[in-house]
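Work through the exercises below with the sequence and the coordinates at hand, trying each task before reading its solution.

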Amino acid sequence: MTNAVADQPTVQFGHVEHVTVHFDDLDAMGILHNARYAVLLERALTPYWTERGLAYRGSATPPDLFHAVREFTISYRAPIATTGPVAVHFWLEHFGTSSAEYAFQFRSVDGDTLHAEGRRAIVRLDPATLRPTPWTEAARAVATTLLRPTA
């Protein structure tokens, strides 16, 4: 779950969502387990899309939420060695016909420490054929709010 934080940081593009690191997210050394970053990224992305009308609702789930992760890359910079909130800054580098590429950073809540950064590419799939299929206009409208401006 996300934390309701009144003072969300201002970013020039994308969005920052605070997510909570729990005790069971830590590994035996007391740092955030590497596999948990993907889960926490998902926990940051989900409320953003949900608040804009694209939410998981069983059989009434919008078709744009039927997508698969094609690639996930991450570089770890400074370990997260505590429970509590962490800031996830995410944006879209690309939003194509049926694919999208997020970039993201995990930062301390004050923004001073970069914990990790990476990319996540997804492909929208047709549920019947499992083949790539175009995004709807609803998804395109939300995606434009996350696109990083080009120079």
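A residue is called buried when its relative accessible area is under 20%, exposed when it is over 50%, and partly exposed in between, with a 1.4 Å probe and protein chains only. The model is a predicted one, in which local features need pLDDT of at least 70 and side-chain atom pairs count only at pLDDT 80 or more, while totals for chains, interfaces and linings use all residues. Residues are numbered from 1 along each chain as its sequence is written, and side-chain values use heavy atoms, with hydrogens and water left out.

**Exercise 1.** Classify S99 as buried or exposed, and list its contacts.

Solution. Begin with the location: S99 lies in strand β4, where strands (E, at least two residues) and helices (H or I, at least four) are DSSP runs numbered from the N terminus. Its relative accessible area is 18%, so S99 counts as buried. Next, taking contact as heavy atoms within 4.5 Å, one finds that S99 touches H94, I122, V123 and W135, residues up to four places away in sequence not being counted. The setting can then be widened to the strand, for seven of the nine residues of β4 are buried, so β4 is largely enclosed by the rest of the structure.

**Exercise 2.** Determine how β4 pairs with β3 and with β5.

Solution. Two strands pair if DSSP finds at least two bridges between them. On one side, β3 and β4 run antiparallel and are joined by eight bridges, F95 having A100 as its bridge partner, and the two strands form a hairpin with three residues between them. On the other, β4 and β5 are antiparallel over nine bridges, with G118 as the bridge partner of F104. Six residues separate β4 and β5 in their hairpin, and G111 in that turn has a positive phi of about 85 degrees.
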